Amino acid sequence: MSRNSHTPRIFRCTVGVPGQGRIQQQSRRRAEQAFVTGILTSHVDFEHARPWGVTDAADFDSYLLDTAVLLGEAQQAYGSVRARMFHPGDFADFCLLHHLDPAAPAARERYLLNPALRTQLLPYQGEELSGDFIPRLVRARESGLTMCHVDLLLGGGLLAGAGGGQGAAREVPDARVRSAFQRGGELFRRMLVGAGCGAYEFRCAVEAPGGRLTADARILHWEDGAVRLNDEDLDLVCAVFCAGLALELPGVAVLRGSQGGAGSCGEYRQVAWAWQSTGFDWAPASLNLGEIAARPGFGLGSVC
């Protein structure tokens, strides 16, 4: 499968907070460092964080402009720029747990660089903040929480010892879990190959102790066989499948969208396929997942 970015290298980290001053250019480029920042993603979160002095911007729109400038400067000065959602509720809980003053810059640094939350980090590559990047940050937080849940269920075998940053789950250190993670990736690959070219939405869910594990992904499958989806979405789908396979948990999966491409004379058809697992093998099934009604998918054993 093709992804939208490369697996990042491991760097030393420098933390930046939008609105707290500009990055000073230095004669020696810091090409072996990563710049990490947290971004408030809504007007509501901006107002909640204002008492802590996270930013000196007058309003959320001004804050986004300041943040865009900060990220642009960081791209010029550092070898890697990564960001994650600055969630006021998570930050307040983190400070309470570690007895930190939320108004102290050191508290924000510890929160942003917390190793347990590294799966929420996304590489920034010049995207418009108000476009797809902020929604991706929100989804990355939700996905990161699910990844931590999966890791807990697997006894720390999914993330422990893996490199920080996005893509860490692809370097699973535990051999048993790594095998299940790879089987999950192969399961997902067969679903996409069998579907053929088109634009799809994928959703899967596994019933697990402590609550249902879910993953979503938006996929473009080109006629040349290339598949485009966000790295963090691919990691999460494989992790949810991994938990189901490793722990023999029941689950469901639905792939729906528009099948076809320009090579088929512009012919498209709406499809919605489903599979179900009782904890062992995944097989075609007719089911509803949320608002999606799907018919039985194709047999995965028939897909190479």
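The crossing of helix 6 and helix 7 is right-handed, a crossing being right-handed if the near helix is turned clockwise from the far one by less than a right angle, and left-handed if anticlockwise. Helices here are DSSP runs of H or I with at least four residues, strands are runs of E with at least two, and both are numbered from the N terminus. This is a predicted model, in which local features need pLDDT of at least 70 and side-chain atom pairs count only at pLDDT 80 or more, while totals for chains, interfaces and linings use all residues. Residues are numbered from 1 along each chain as its sequence is written, and side-chain values use heavy atoms, with hydrogens and water left out.

Back to the two helices. Two packed helices are described by the angle between their axes and the distance between the axes. Helix 6 covers residues 175–195, and its axis lies 7 Å from that of helix 7, at an angle of about 115°. The axes are lines fitted to C-alpha atoms over the stretch in contact, and the angles run from 0 to 180 degrees between N-to-C directions. Contact means heavy atoms within 4.5 Å. On the helix 6 side, the residues that meet helix 7 include Val177, Phe181, Leu187, Phe188 and Met191. On the helix 7 side they include Leu234, Val237, Phe241 and Leu245. The residues of this contact divide into 14 nonpolar, two polar and three charged. In that count, Ala, Val, Leu, Ile, Met, Phe, Trp, Tyr, Cys and Pro are nonpolar, Asp, Glu, Lys and Arg are charged, and the others, Gly among them, are polar.

Next, the aromatic rings. How many aromatic pairs does a search of the whole structure find? It finds 15. Rings of Phe, Tyr and Trp (for Trp, the six-membered ring) pair if their centres lie within 6.5 Å; planes under 30 degrees apart count as stacked, over 60 as edge-to-face and the rest as tilted. The rings of Trp52 and Phe91 have centres 5.1 Å apart and planes at 70°, so this pair is edge-to-face. Trp52 sits in the loop between helix 1 (43–49) and helix 2 (60–77) and Phe91 in helix 3, so the pair ties together parts 39 residues apart in sequence. Trp52 is buried at 17% relative accessibility, and Phe91 is buried at 0%. Buried means under 20% relative accessible area, exposed over 50%, and partly exposed in between, with a 1.4 Å probe and protein chains only. Ring pairs link Trp52 and Phe91 with Phe86, Phe94 and Tyr111 into a cluster.

Thr146 is in helix 5 (residues 129–153) and is buried at 15%. Leaving aside neighbours within four places in sequence, Thr146 is in contact with Leu213, Thr214, Leu236 and Val240. Ser258 lies in strand 9 and is buried at 18%.

Last, backbone angles. Most residues other than glycine have a negative phi. His99 has a positive phi of about 55°; this residue is in the loop between helix 3 (88–98) and helix 4 (105–112), and is exposed at 74%.
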